[in-house]
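Have a look at it, then read on.

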Amino acid sequence: MISRWKDFFSIYLFSDMICNWFWIGGVFLVSVQPILGGVTQEQMMSAGKLMRDVCHPKFSKVSVEQADSISKGIIPDDKDSKCYINCILEMMQMMKKGKFLYESSLKQIDVLVPDDMVEEYRNGVTACKDAAQGIKNNCEASYALLVCFRDKISRFMFP
C-alpha cells in the first residue's frame, strides 16, 4: 500500500514540484514546495534519490554499486539494469511504454535541472530525441536513450 502511494505521489509531484517524504509513526507525510525558479543541484539529487528509492527495490538484481555506476555514466548492458533505467525514465515522465516523450522531457528539465545546466540538458535531449525510435522493447529503448544522453551531455547525471 505504501509503495503504491509513494509511486503515485512521486509521479505526480515530479511534474510540477519538489517534495520531501517524512516517515512518522508508520505514515508517509508529504511536504511540498512549489518551484518558483531553478532548482539547486542538491534539490535535483534529492528528487533523483526519491525515484531511485522507488525503482531500485523493483530490480533487486541491480546492486547499489551498479546503480551508482549508472549515475556516473557506466551503463551495464544487461536486462535488469535496462529495466531499472526504464523505471526511472518513466517516473521522470521521459518515457512511456518504450516511447520517448520529447516535450515532457523538456518540461522536466526546466523543473528538475539547475539553471546553469538547463541549456546543455535541453540540447542533449534534442540530439537524442530519435535514439529509441524503432526499438520495440521498453527497457532496450530506455537504455539506448540513456546511452545517448551520456554521450551528448557533458555533465551527465542520473539518479
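Q: Which helices each supply at least two residues of the lining of the largest pocket?
A: This is a predicted model, where local features need pLDDT of at least 70, side-chain atom pairs count only at pLDDT 80 or more, and totals for linings use all residues. Numbering runs from 1 along each chain, and side-chain values use heavy atoms, without hydrogens or water. Helices here are DSSP runs (H or I, at least four residues), numbered from the N terminus. The ones asked for are helix 2 (41-55), helix 5 (102-112), helix 6 (115-127) and helix 7 (138-152).

Q: Which helix gives the most to that lining?
A: With six residues in the lining, the top contributor is helix 2.

Q: Are helix 6 and helix 7 parallel, perpendicular or oblique?
A: Their axes (lines fitted to C-alpha atoms over the stretch in contact, with angles from 0 to 180 degrees between N-to-C directions) come within 9 Å and cross at roughly 135°. Under 35 degrees counts as roughly parallel, 65 to 115 as roughly perpendicular, over 145 as roughly antiparallel and the rest as oblique. So helix 6 is, relative to helix 7, oblique.

Q: Which residues of helix 7 do G124, V125 and A127 meet?
A: Contact means heavy atoms within 4.5 Å. From helix 6, G124, V125 and A127 meet, in helix 7, C148, F149 and K152.
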